[in-house]
Amino acid sequence: MKEAAARAPLTAQNYKSGYKPIWCPGCGDYSVLSSVTKALAMVQVPPEDVVVVSGIGCSSRIPAYTTCYGFHGVHGRALAAATGLKVARPDLTVLVAGGDGDGYSIGGNHFLHACRRNVDLTYIVMDNHVYGMTKGQPSPTTEPDWDSKLSPGGTGVRSFHPLVIALASGANFVARAFSGDPNGTAAIIAQAIRHPGFSFVEVLSPCVTFRPDQREWKEMAHPAPVTATDDPARAARRIMTDDGFNIGVLYAGKRKPYAAVTGKPRATVADLEAEFEQ
Amino acid sequence: MHARTSSRRQAQRAAASISIALAGSGGSGVMTAGTLLLNAAAKAGLYGLMVRTSGPQIRGGEAAALVRLGEAPTHGLDDRFDLLLAIDWQNVHRFADEIPLAATSVIVGDSDGGDAPDVFRGSGARYFPVPFKKTAKGIAGSWANMVALGVAGALAGISADVLTGVLRDTWKRSADALEANFAAIRAGVAAAAAIEGMPSLAARRKAASRRWFISGNEAAGYGAIRGGVRFVAAYPITPATEMLEWMAPALARVGGTLLQAEDELASINMIIGASYGGVPSLTATAGPGLALMIEGIGLAVGAEVPVVVVDVMRGGPSTGIPAKSEQSDLALAVNGLSGDAPRLVLAPTSIADCLATTQWAVELAEALQAPAIVLSDQFMGQSRAIIDRPADVACLGKRLTAAASAADYKRYRDTESGISPMAIPGTPGVAYTADGLEHTEAGIPSSQSRDHATQLDKRLRKLARHDYGRFWADIEGDGDGAVITFGSTTAAVREAVARAADAGVGVQLIALRLLAPAQPERFAAALDGVTQVLVVEQNHGAQLYRYLRSMYDLPGKPQSLHRPGPLPLRPGELADAILAWRRG
């Protein structure tokens, strides 16, 4: 990551594009967008050196709402695209953003392997426990008894626990944030960007349209009572036993980030021919 | 049947090429022996190729190295094998169709291994037992496959010194064991003296320059690097894996990198991400992987990100026949995307051509900001050939990028050529969001019909207007009939066309290198004066025939000759078909 040197300090405003989001009034994602731009201003990395990569869903619309480079790909594959980009271009700061359906359902396998691989990415999931763009179907984080047209009476399937899965899979930084606290979320995202390796930030971001009950989250969210640990076993115990609304950095590990087998060329293209010659 | 002990030496038949099948159970060392035989043939100034075929087992199944050697470059297999040498007969009968023999052929088997299976003996070929295992046992530290190498090498007219020389060059074990295997090779050479009936190759030309010893997978990998690829993400799959295994260290040497992805969905999206970042990128896979990548390839079309996907085709559908060849992914490659999605589809016409075609695919993808699918196949990919060093090809295309702070920059600007400058992350003042959603010229998602029509036209136009030059097809020969083919089948068709010409029937050969976008004007020019066409391909559904009929005006009553893999189409049957077709 390059720090801006000669220019005036960048503000959150420098990272906001003029495009009007498609989100519903009251959507938590507005606040997450604001937190992302604030976090980038904290880190002071120029917008042209940042790429925001996303998949498909309401929250995945976020790249174009920033002045950074953006990549709005296909459903569930944001982490794969971001991994290729960051490994090929380690000089860039790469943020990945999306929702719970995109990241934990269709993209679930990439989530596991992105955590394992520990490429220096920051993954922000705006989790609202619902598919909003397709108008209200249960996602992996939806409660089993949540009634919907597609799954009347509920799915009957237990909810996915993204934080503990991330930890178990090797993510180097695990945090929970709440869109109702934009400054706190900004600080967590900035810390995630600065932390080497794969940083995972799960942001509880209510869907006011399909999950109006999530307005209650404001009452439920609370700061984590203890500071981050670098001990995964300890972090796992805390995450497994907390109430799901424990906000803060829950784990900040020391794993070495993915090191691509690359570097300065040691041979020319023509040198490679030698092995074919008789 | 036992060897005739007659001391009467038959006059050796002279041949332009000889074909040798080395077979045995997996792990018996036939692939090693075959590779060394081909290597030795190269040292002896011959051309040739070795095709690998094996059952599905990793160890213990049946395996065969199908070697053809000749004085001229040879890219395909012949009609019959002159020699079948089996180290053991365990399951080798499963190759009955893949190793056709003639009454003039020679079978060599282990003297303690029982008789040759009826499926081979039925040809009337003469059988000669050689004590491979007993000989190897008698020379401590030696292997039966080296005795077999001695026999096969000697029957191919290659000296013991050349055979032992290639073993020395590749040896990685103790010096004692090397000496033991030299003795095994010499024992094999001595045993070959009692074997009669093999044709001999005429005097060979001295190679003017150093020849190459290369597989299609390696050639494709090297072509990719020549074209500028510096990032590869891929998931292991037969028969593409060797291309990736060759590329991993090669990329590292030239400052690139290869990443093993968790699946093919990840591979394609990883290379799209890397290419979006400005680094030419590629993945390699086979049919099942290509099927998984289709959605991602569509993203590369819509977001206009150059990527190359090499599909080393194998038998399909589904998991199909993983280690054997078939040309049955053509329909998927030319049609298999959602929406109207112009893409590039290319096919190398030989093992050597895997290099140039893959390089061209990279340069076309880069220049046209579009995905390119390269249809190689198991026959070319896993075969190893002795070839002349391929000519250097001048760079045929580069990516058009946007300058910093370019005025009124729009990523998907509707230009005349259809190609618009691509901003590379890190470039200030031109940041944009690449999108698989339909978009405006500026890249903002749009569902308006006007934007959709503009961008559809732009993406079609950039591929349609490009001048693909003379590389689009190999066109050879003369006649009012034309045989149209693609990929590895080209070798057999080329040979068949030559045989038909020898029989007095001239036909044209058109081997398509660029399958999509279709080239109606060039095609019409190539068919000027042609009244009949025959389409030859290795699949069950006549995919090329149907594709050509949908894209081009074909004269007369177009004929189709198609057969599924894994049996290769052979030059003799194709020559017969051409003669029957032309003589009506």
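Guide: The expected span of a helix is 1.5 Å times one less than its number of residues. Keep that in mind for this predicted model.

Visitor: What makes the reach of helix α7 of chain B close to the expected one?

Guide: Helix α7 (residues 216–227) of chain B has 12 residues. Its first and last C-alpha atoms are 16 Å apart, and 16 Å is expected at 1.5 Å a residue.

Visitor: Why is α7(B) called largely enclosed by the rest of the structure?

Guide: A residue is buried if 20 or more other C-beta atoms lie within 10 Å of its own. In α7(B), 12 of the 12 residues are buried, so the rest of the structure largely encloses it. Among them are B:Glu218, B:Tyr222 and B:Arg226.

Visitor: What follows α7(B)?

Guide: B:Gly228 does, with a positive phi near 115 degrees.

Visitor: What makes β10 and β11 of chain B a pair?

Guide: Two strands pair if DSSP finds at least two bridges between them. Strand β10 (residues 231–234) of chain B and β11(B) have four, in the parallel sense. B:Ala233 stands opposite B:Leu259 in β11(B).

Visitor: How many residues of chain B are in contact with chain A?

Guide: A contact needs C-beta atoms within 7 Å. By that test, 48 residues of chain B touch 45 residues of chain A. Helix α9 (residues 264–276) of chain B gives the largest share of chain B's side, nine residues. By class, that side has 28 nonpolar, 11 polar and nine charged residues.

Visitor: How far apart are the C-alpha centres of domain 2 and domain 4 of chain B?

Guide: They lie 25 Å apart. The contact takes 24 residues from domain 2 of chain B and 25 residues from domain 4 of chain B. On the domain 2 side, the elements giving two or more residues are α11 (330–335), β14 (344–346), β15 (371–377) and α13 (378–381) of chain B.

Definitions and conventions
Residues are numbered from 1 along each chain as its sequence is written. Chains are lettered from A and ligands numbered from 1 in the order in which they are written. This is a predicted model: local features need pLDDT of at least 70, side-chain atom pairs count only at pLDDT 80 or more; totals for chains, interfaces and linings use all residues. Two residues are in contact if their C-beta atoms, placed from the backbone, lie within 7 Å. Ala, Val, Leu, Ile, Met, Phe, Trp, Tyr, Cys and Pro count as nonpolar, Asp, Glu, Lys and Arg as charged, and the others, Gly among them, as polar. Domain bounds come from an automatic or database domain assignment.
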